[in-house]
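The stops below are given in the order in which to select them.

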Amino acid sequence: MSNEASTTADGATTKTDAAPPADPAVSVVGPDDGERIVLGTTLMRVLEDGSNTGHRLGMAESVIAPHTSGPPQHRHAQHDEGFYVIAGTVRFTVGETDHDASPGTLVMVPAGAPHTFANVTDQPAVMLSTFTPDLYVQYFRGLRDSLSEGRPLTPEANIEAMSRFATEPAAGVRPSS
């Protein structure tokens with residue numbers, strides 16, 4: 001691969017191609033692999049914790065039991081979240097508005113947007129979540145560790161764990177359904 005230079009409209013010279021790593025590592029997580037985190041009635045499987053992406057991306061699969069309320073409505077200051085519903089229906093609450101997301105629905109939540117989710121149905125729901133950057137994967141681990149000490153999964157436990165990861169409760173909006 002050559003290292004050619006190009007000139008921009010303002011006359012600056014930039015390299016047009018940087019050589020990729022000689023042998024980049026590829027992560028393959030099979031259907032029975034991944035770190036499992038149990039949070040109340042939700043089973044999360046961490047598919048990418050950021051260690052393979054330079055911490056640019058984290059990814060997890062969540063199986064949410066029927067009639068499971070989500071975390072308190074909250075805002076992230078430093079990361080975006082994406083939720084892709086694979087099975088069942090997940091209710092996303094954004095401020096005062098509910099969105100019932102069925103399979104094939106993508107919900108993107110930029111930093112600063114208030115949100116929460118819940119499974120208000122009689123069937124389990126499965127969703128794939130992305131975290132950019134990967135910061136929030138550590139929240140789930142911290143919450144799991146807190147619960148392993150015998151602490152119940154309460155809104156207060158969620159808020160305390162969130163506060164360590166640039167996340168705060170969304171004031172003035174209703175909680176999860």
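Helices (H or I, at least four residues) and strands (E, at least two) are DSSP runs, numbered from the N terminus. This is a predicted model, in which local features need pLDDT of at least 70 and side-chain atom pairs count only at pLDDT 80 or more, while totals for chains, interfaces and linings use all residues. Residues are numbered from 1 along each chain as its sequence is written, and side-chain values use heavy atoms, with hydrogens and water left out.

**Whole chain**

Select the chain: two helices and 13 strands are there. Of its 177 residues, 36% count as buried, where buried means under 20% relative accessible area, exposed over 50%, and partly exposed in between (1.4 Å probe, protein chains only). Contact means heavy atoms within 4.5 Å; among contacts between residues at least 6 apart in sequence, 63% join residues at least 24 apart.

**Helix α1**

Select residues 137-148, which form α1. This helix has 12 residues and spans 17 Å from first C-alpha to last, close to the 16 Å expected at 1.5 Å a residue; the expected span is 1.5 Å times one less than the number of residues. Its buried residues include Val-137, Phe-140, Leu-143 and Leu-147. Show what the buried residues of α1 pack against: β3 (35-39), β4, β5, β12 and α2.

Now pick Ser-146, also in α1. Is Ser-146 buried or exposed? Ser-146 has a relative accessible area of 9%, so it counts as buried. Display its side chain together with that of Arg-151: a polar contact of 3.4 Å joins the two. A polar contact is a pair of N or O atoms within 3.5 Å; within protein, one must be able to donate a hydrogen and the other to accept it, and residues adjacent in sequence count only if both atoms are side-chain atoms. Just after the helix, Gly-150 takes a positive phi of about 95°.

**Backbone exceptions**

Most residues other than glycine have a negative phi, and most peptide bonds are trans.

Step back to Pro-133, in the loop between β12 (125-132) and α1. The peptide bond joining Thr-132 and Pro-133 is cis, with omega about -5°.

His-55 is not a glycine, yet its phi is positive, about 65°. With a relative accessible area of 46%, His-55 is partly exposed.

Finish at Ala-166, in the loop between α2 (155-163) and β13 (167-169). Its phi is also positive, near 55°, and Ala-166 is partly exposed at 23% relative accessible area.
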